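Reader: I would like to go through the labels on this model and hear what each one rests on.
Author: Here is the model; ask about the labels in any order.

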Amino acid sequence: MVTHSPTAEARPSAARDRLLRTASALFYADGVRGVGVERVVAEASVTRATFYRHFAGKEALVVAYIEAADAAVRRRAGEPPSGTPERARAWLAAATDVVGETVCAPGFRGCAFINAAAEYPDPSSPVRQAVRAHRAWLLGVVTEALRGAGHPDPAAAGRRWMVMRDGAMVGGYLGDPAEARDTLRAGVRDLLAEAP
């Protein structure tokens, strides 16, 4: 469970949105540890007092960044459909294509979740907890889709999908993005071939 201090709770405001948008772009481009609060405040054109009205500190801003990235992935993926195995397979193929599109997008600098986790090695930190929550959700929906597709061992297959997804994210950043995307798609086709 991710906990927040009362001052870190999301309050809708133009300044908060601007801070979060600015921080998200900077954190993704330059790394979380490489970007200080002063730079975020300056580039978002807000005062330091405004920053602290919305976030208890930098860690709270990083958690908000991870939670916003998580919300964007959830919106894009949607929930696996119930019904026929064909619909579950189609959802899983579409979710895999989203990963592939992400890997091949201009400016791709790796997985925001993996990158943030690498910069926060303490598993008990709120940032790692936010990353863990995202990954638990993703594993859950993929496993549900594999169950719906009729895979004989959806839990194991879901874990394999996650490892392939992580590998595609790293491989797409460090190597050939199109090759990473195509390898991920082929791996998922192999997973689905195991379902009757």
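Author: I will begin with a definition: a nonpolar patch joins nonpolar side chains within 5 Å, from residues with over 30% relative accessible area and no salt bridge. The model itself is predicted.

Reader: Which residues form a nonpolar patch on the surface?
Author: V170, Y173 and L174 do, and together they have about 310 Å² of accessible area. L174 sits in helix α8, residues 154-174.

Reader: Why is L174 called exposed?
Author: The label needs a relative accessible area over 50%. L174 has 67% relative accessibility, so it counts as exposed.

Reader: Which residues is L139 in contact with, leaving aside its neighbours within four places in sequence?
Author: They are G158, R159 and M162, where contact means heavy atoms within 4.5 Å. R159 is 20 residues from L139 in sequence, with a C-alpha to C-alpha distance of 6.9 Å.

Reader: How do you know that the buried residues of α6 line one face of the helix?
Author: In helix α6 (residues 112-119), the buried residues are A112, F113, A116, A117 and E119. Viewed down the axis of α6, these buried residues fall within an arc of 160 degrees, so they line one face. Their cover includes α1 (14-30), α4 (58-77), α7 and α8.

Reader: What makes the phi of S45 worth a remark?
Author: Most residues other than glycine have a negative phi. S45 is not glycine, yet its phi is positive, near 55 degrees. S45 lies in the loop between α2 (37-44) and α3 (48-54). With a relative accessible area of 60%, S45 is exposed, because the cut-off is over 50%.

Reader: Why is the pair R39 and E43 called a salt bridge?
Author: The rule asks for a side-chain nitrogen of Lys or Arg within 4 Å of a carboxyl oxygen of Asp or Glu. R39 and E43 meet at 3.1 Å, N to O, so the pair qualifies. Both residues lie in helix α2, 4 residues apart, about one turn of the helix. In an α-helix, residues three or four places apart point the same way, because there are 3.6 residues a turn. R39 is partly exposed at 33%, and E43 is partly exposed at 46%.

Reader: What does the salt bridge of E194 and R160 tie together?
Author: The side chains of E194 and R160 meet at 2.9 Å, N to O. E194 lies in the segment after α9 (177-193) and R160 in helix α8, so the pair ties together parts that are 34 residues apart in sequence.

Reader: Why does R185 with D182 count as a salt bridge?
Author: The closest N and O atoms of R185 and D182 are 3.9 Å apart, and the limit is within 4 Å, so the pair counts. Both residues lie in helix α9, 3 residues apart. R185 and D182 also belong to a network of salt bridges with D97 and R181. The whole structure has 11 salt bridges.

Notes
Residues are numbered from 1 along each chain as its sequence is written. This is a predicted model: local features need pLDDT of at least 70, side-chain atom pairs count only at pLDDT 80 or more; totals for chains, interfaces and linings use all residues. Side-chain values use heavy atoms; hydrogens and water are left out. Patches are made of residues with over 30% relative accessible area and no salt bridge: like charges are joined within 9 Å, nonpolar side chains (Val, Leu, Ile, Met, Phe, Trp, Tyr) within 5 Å. Accessible areas come from the Shrake-Rupley method with a 1.4 Å probe; for residues, only the protein chains shown count as cover. Helices (H or I, at least four residues) and strands (E, at least two) are DSSP runs, numbered from the N terminus. Buried means under 20% relative accessible area, exposed over 50%, partly exposed in between (1.4 Å probe, protein chains only). The arc is that of the directions from the helix axis to the C-beta atoms.
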